[in-house]
Amino acid sequence: MTAASDAVTNQSPVVDGPAAYAVFGNPIKHSKSPAIHGAFAAQFGADISYRAVAVATEEFEEKVTAFFQRGGSGLNVTVPFKERAWAMADSVSERARKARAANCLIPLKGGGLHADNTDGLGMVRDMVINHGWQLAGRRTLVIGAGGAVRGIVQPLLAERPASLTVVNRTPERAQQLAMEFADSPVTVHSGGLDSVAGYEFDLIINGTSAGLADEMPDLPEGLLSERCCCYDLVYQGEPTAFMRWAAARAAWAVTDGLGMLVEQAAESFFLWRQKRPSTGPVIQQMRELMTQ
Ligand code: ATR
């Protein structure tokens, strides 16, 4: 694992205000974040409030400002506002800068907002700590080049894979993303979905939104090495189309992104409250709720 957080700035977050937290998004009705943060707070006997708020597209910045003016202690941001959260912050972590998106806003002591992105670290922690996967030295393939992938590339590269290849239905988006990471010590390859024909990978991550329509990107056969791990950034009550695709090709391990959801939340909680919750029981609790 690399350092737990690159969000430490010389301006420390406010931690002694009223403990009011929220997630802003649209849609937000099915958000699990209130339950996850409620469970984290209970571990420390802390009395916090955490609300899921549906924000109208044109009102995002205004609502964020009002939330912190009223003494909000921290804010999560989800689709479709992550880029705008990053853009409106006064300071940003390196990983949020690289992602050009933020999912976590922290009030600064002297006023203003610090933006961070805990998605990629959440994914890495889930893979390494919860699933025991090794990332260093692995030939890694990422499918997709949208907002979700943007958030995971830098933390993934920090784990020193043997190589990182990003493929996308629209190859230009993958190429653009690879260019932004051209200064990385690990070379980032890019191309269309069929550009990986004839190559094998030890780790395959699905970062596309195809699964939301129960679809699977049209990939060539023969991509999985003997001990290939397959990870879907999304989660559903049932195995996703990508998970079914991987299982049908005898992947060594297959999982969805529920653990990532809980781990990114834990990292937000840590940034806000300097306390690291235990994630295992909360992942289990969320899994049980989902399959009920
Ligand atoms: P998100 O924020 O969820 O990443 P996004 O930025 O709209 O959303 O990106 C969606 C990603 O899923 C893109 O990589 C998209 O491919 P394109 O760039 O070619 O649009 C990918 N995607 C969505 N549906 C797909 C499908 N049916 N097959 C393959 N890729 C798909």
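Is Arg-100 buried, exposed or partly exposed in this predicted model? Arg-100 counts as partly exposed, because its relative accessibility is 35%, and buried residues lie under 20% while exposed ones lie over 50%. The legends below describe close-up views of the structure.

Figure 1. In general, the strands of a sheet pair through backbone hydrogen bonds, and they may do so in a parallel or an antiparallel sense.

Figure 2. Strand S6 (residues 113-116) pairs with S4 in the parallel sense, over 2 bridges. Ser-91 has His-114 of S6 as its bridge partner, and Val-92 has Ala-115 of S6 as its bridge partner. S5 and S6 run antiparallel and are joined by 4 bridges. Cys-104 stands opposite Asp-116 of S6. S5 and S6 form a hairpin, with 5 residues between the two strands. Within the turn, Gly-111 has a positive phi of about 100°.

**Figure 3. The side chains of strand S6.** In a regular strand, side chains alternate between the two faces of the sheet. Leu-113 and Ala-115 point one way from S6, whereas His-114 and Asp-116 point the other way. All of these residues are buried.

**Figure 4. Helices H1 and H9 against the sheet.**

**Figure 5. The buried residues of helix H1.** Which residues of H1 are buried? They are Ser-33, Ile-36, His-37, Ala-39, Phe-40 and Ala-41. The elements that cover these buried residues include S1, S2, S3, H9 and helix H10 (280-291). Just after H1, Gly-45 takes a positive phi of about 60°.

**Figure 6. The crossing of helices H9 and H10.** Two packed helices are described by the angle between their axes and by the distance between those axes. The axes of H9 and H10 come within 10 Å and cross at roughly 135°. H9 is therefore oblique to H10. The crossing of these two helices is right-handed. In the contact, Leu-258, Gly-259, Val-262 and Glu-263 of H9 meet Val-282, Ile-283, Met-286, Arg-287 and Met-290 of H10. The contact residues of H9 and H10 divide into 6 nonpolar, 1 polar and 2 charged.

**Figure 7. The loop between S1 and H1.** Both Pro-27 and Lys-29 are found in the loop between S1 and H1. A cis peptide bond joins Asn-26 to Pro-27, with omega of about 10°. Is Lys-29 buried or exposed? Lys-29 is exposed, because its relative accessible area is 75% and the cut-off for an exposed residue is over 50%. Lys-29 and Ala-52 are 23 residues apart along the chain, and their C-alpha atoms are separated by 7.3 Å.

Figure 8. Pro-80 is found in the loop between S3 and helix H3 (82-88). The peptide bond from Val-79 to Pro-80 is cis, with omega near 5°. Most peptide bonds, by contrast, are trans.

Figure 9. Most residues other than glycine have a negative phi. Arg-100 is not a glycine, yet it has a positive phi of about 55°. The residue lies in the loop between helix H4 (94-99) and S5. Gln-274 is likewise a residue other than glycine, and its phi is positive, near 55°. Gln-274 is found in the loop between H9 and H10. With a relative accessible area of 43%, Gln-274 is partly exposed.

Key. Residues are numbered from 1 along each chain as its sequence is written. This is a predicted model: local features need pLDDT of at least 70, side-chain atom pairs count only at pLDDT 80 or more; totals for chains, interfaces and linings use all residues. Side-chain values use heavy atoms; hydrogens and water are left out. Two strands pair if DSSP finds at least two bridges between them. Buried means under 20% relative accessible area, exposed over 50%, partly exposed in between (1.4 Å probe, protein chains only). Contact means heavy atoms within 4.5 Å. Axes are lines fitted to C-alpha atoms, for helices over the stretch in contact, and angles run from 0 to 180 degrees between N-to-C directions. Angles under 35 degrees count as roughly parallel, over 145 as roughly antiparallel, 65 to 115 as roughly perpendicular and the rest as oblique. A crossing is left-handed if the near helix is turned anticlockwise from the far one by less than a right angle, and right-handed if clockwise. Ala, Val, Leu, Ile, Met, Phe, Trp, Tyr, Cys and Pro count as nonpolar, Asp, Glu, Lys and Arg as charged, and the others, Gly among them, as polar.
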